[in-house]
Amino acid sequence: MSRFQVVSGKGGTGKTTVAAALALALATEGRRTLLVEVEGRQGIAQLFEADSLPYEERKIAAAPGGGEVYALAIDAELALLDYLQMFYKLGSAGRALKKLGAIDFATTIAPGVRDVLLTGKACEAVRRKDRQNRFVYDYVIMDAPPTGRITRFLNVNDEVAGLARIGPIHNQAQAVMRVLKSPETAVHLVTLLEEMPVQETADGIAELRAAELPVGRVIVNMVRPQLLDGDALRATVGGRRKEIAKTLTRAGVTGAAGLVRPLVEQAAEHSQRVGLEREQRAVLAGLGLPGYELPLIGEGVDLAGLHDLAAGLREQGAGEGESGRGAGS
Ligand SMILES: Nc1ncnc2c1ncn2[C@@H]1O[C@H](COP(=O)(O)OP(=O)(O)OP(=O)(O)O)[C@@H](O)[C@H]1O
Ligand SMILES: [Mg+2]
């Protein structure tokens, strides 16, 4: 399983929720994962019911079997200081630059620069090793920008490598692209079983592929249960009202006659939804990608719900097999 898991998808489909559940699922059996956020919205802290995250990796949750989830909200401005420090050893000079407003320039004016810093920082965490030459994080999971921006976001270092043809910035940009275009990375797209997000997923996959970025899985979120089997649906939608009334009476329901109409109406709605969902499933199947499915949690996703979603992902095989850590090449 890829060590860098990028979670994108249409706005509001559950990117942040799914990224967090995946970070929990992959942290089991003593593994350590890092969940990163790049949009500066503190969605992760909210989800884990924690204080706002500083620009610092800190433990945010424990997973079954001694696993640990760390979280980091990557701040472009502070990442730039890191970056300058790394290449030019500009500790205090970096602070001076900041005073002069050079950093504001870099992070707010030059559009691509921000994304270079965000992806660069995430890849640094993916590649980071400890003294024993072991990866510090088994997996890094990114709550990434939405489908409409993900390809450009991940590809920005290609542009940079093209602009700076030699030197440290060129090398850094190339190193980031090497990680992003390798099997070490997987870009997942979260969708709902609805036409718009499914269409966006299909378009997003085509774009990622054209850019030679590794597409991972389609994660169908908020799946609602199918309450009636085929027979029941045919009976209700077919309007076999007498039969339904009889069955209700036999089952001891009083006032069955008055219930039939609303029941049939509800069933018709349900049946229509199931039909539409089936169509969308067929479109997704046509994409030929592996997937995960996560149920709609009726009461909304709190911390307990998040752990349930993580357990669901584990049941579907997330994090099975090899540990990501260990000595790397
Ligand atoms: N499986 C689920 N069951 C129930 N509610 C869910 C589920 N997944 C996500 N939600 C809810 O849907 C809403 C949107 O989820 P989330 O914030 O994760 O989406 P997002 O794609 O990150 O949104 P944005 O595009 O704004 O970043 C939240 O209120 C979240 O609690
Ligand atoms: Mg989000």
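How many of the residues of helix H1 are buried? In this predicted model, local features need pLDDT of at least 70 and side-chain atom pairs count only at pLDDT 80 or more, while totals for chains, interfaces and linings use all residues. Residues are numbered from 1 along each chain as its sequence is written, chains are lettered from A and ligands numbered from 1 in the order in which they are written, and side-chain values use heavy atoms, with hydrogens and water left out.

H1 is mostly covered, with 10 of its 11 residues buried (under 20% relative accessible area, 1.4 Å probe, protein chains only). Lys15 and Thr17 are among the buried residues of this helix. Helices are DSSP runs of H or I with at least four residues, and strands are runs of E with at least two, numbered from the N terminus.

Ligand 1 is surrounded by 14 residues, where a surrounding residue has a heavy atom within 4 Å of the ligand. Lys15, Thr16, Thr17, Pro295 and Ile297 are the closest. By class, five residues of the shell are nonpolar, seven are polar and two are charged.

Oxygen atoms of ligand 1 lie 2.8 Å from a polar side-chain atom of threonine 16, 2.9 Å from a backbone N or O atom of glycine 12 and 3.0 Å from a polar side-chain atom of arginine 41. On its own, ligand 1 has 630 Å² of accessible area, of which the protein covers 73% (Shrake-Rupley method, 1.4 Å probe). Helix H1 (15-25) and strand E7 (215-223) each give two or more residues to the shell. H1 provides the largest share, three residues.

Technical notes. Polar contact = N/O pair within 3.5 Å; in protein donor to acceptor, adjacent residues only side chain to side chain. Nonpolar A, V, L, I, M, F, W, Y, C, P; charged D, E, K, R; others polar. Buried < 20%, exposed > 50% of the residue type's maximum accessible area, 1.4 Å probe, protein only.
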